[in-house]
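Biologist: I would like to learn how to read the spaces and charged contacts in a model. Can we go through one together?

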Amino acid sequence: MKTRLDGHYTNRCAATYGRVAVALHWAIGAALLAQIAFGFLLDDIAPRGTPSRASIINLHKSCGMVLGVLIVARLAWRLAHTPPPWPSTMLPGQQRAARIGHRLLYACMIVMPASGYVASNFSKHGIRFFGVALPAWGPDAPAVYGVLNGVHVGTAWFFAALIFGHMAYALKHAWVDRDHVFARMSFKRST
């Protein structure tokens, strides 16, 4: 298997992602799962009309903004670094499906936090970034907020389904196919 001098694929046995890409993948993936779960559980954690509701919602918004910045960093890294080639054992249809799935994951990574941030700017409540009030740049427009928040929530559900599908296929590659696809995104490097 080919190796590149820039360190992008470092494993001669199977082409792999570099350590930065792997770290970004796993850290942001875990953070996204936690943030999506946090969002789905907001009404259970702080029911509407309770005193803690505003602080919990703003914690979700603050974490989402930090995650949004990390996602931009991940996208920038991905655009600057070509991924390793698929193993020859993957059929062209499987490769095409994987590319489509990854593009949808990246689209959700952008749409979900962006729609939540923009929606919040059309709400009378605005955003308090870890307690610091940020100036809203949009008017209090409940209809606009409703549409954008609907996009945010709908994207979160679609994204969760994509993530679980991604995880299922990754585990299939690791445990059933044993074709080194899972190993491409691993910190462990074979010699």
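Biologist: What volume does the largest cavity have?

Modeller: Keep in mind that this is a predicted model. A cavity is a space where a probe fits but cannot get out. Here the largest cavity has a volume of about 40 Å³. A search of the whole structure finds one cavity of 30 Å³ or more.

Biologist: Which residues line the largest cavity?

Modeller: Y117, S120, N121, G126, I127, L134, P135 and A136 do. By class, five are nonpolar, three are polar and none is charged.

Biologist: And pockets? How much space lies in the largest pocket?

Modeller: A pocket, unlike a cavity, is an open set of points. The largest pocket holds about 1,400 Å³. Its lining has 46 residues, and H25, A98, H102, L105 and H166 are the closest to its centre. Helix 1 (19-40), helix 3 (53-80), helix 4 (92-120) and helix 5 (142-177) each give two or more residues to that lining. The classes are 30 nonpolar, ten polar and six charged.

Biologist: Which residues are closest to the centre of the second largest pocket?

Modeller: H60, K61, Y145, N149 and H152, out of 44 lining residues. The volume of the second largest pocket is about 1,100 Å³. Helix 3 supplies the largest share of this lining, with 13 residues. Helix 2 (42-45) is among the elements that supply at least two. The lining divides into 25 nonpolar, twelve polar and seven charged residues.

Biologist: Now the charges. How many salt bridges does the structure hold?

Modeller: Look for a Lys or Arg side-chain nitrogen within 4 Å of an Asp or Glu carboxyl oxygen. The structure holds three such salt bridges. In one, D43 meets R53, with the closest N and O atoms 2.6 Å apart. That pair links distant parts of the chain, from D43 in helix 2 to R53 in helix 3, ten residues apart. D43 also meets R48, at 3.8 Å from N to O. D177 and K172 form a salt bridge too, at 2.6 Å between the closest N and O atoms. Shared partners join D43, R48 and R53 into one network.

Biologist: Is R53 buried or exposed?

Modeller: Compare relative accessible area with the cut-offs: under 20% is buried, over 50% is exposed. R53 has 13%, so R53 is buried. R48 has 65%, so R48 counts as exposed. D43 is partly exposed at 38%.

Biologist: And what about D177 and K172?

Modeller: D177 counts as partly exposed, at 30%. K172 is partly exposed as well, at 31%.

Notes
Residues are numbered from 1 along each chain as its sequence is written. This is a predicted model: local features need pLDDT of at least 70, side-chain atom pairs count only at pLDDT 80 or more; totals for chains, interfaces and linings use all residues. Side-chain values use heavy atoms; hydrogens and water are left out. On a 1 Å grid over the protein atoms alone, a cavity is a set of points where a 1.4 Å probe fits but cannot get out, and a pocket is an open set with protein on both sides within 12 Å along at least five of seven lines; lining residues have an atom within 4 Å of a point. Grid points are joined across faces, edges and corners, and a volume is the space filled by probe spheres set on the points. Helices (H or I, at least four residues) and strands (E, at least two) are DSSP runs, numbered from the N terminus. Ala, Val, Leu, Ile, Met, Phe, Trp, Tyr, Cys and Pro count as nonpolar, Asp, Glu, Lys and Arg as charged, and the others, Gly among them, as polar. Buried means under 20% relative accessible area, exposed over 50%, partly exposed in between (1.4 Å probe, protein chains only).
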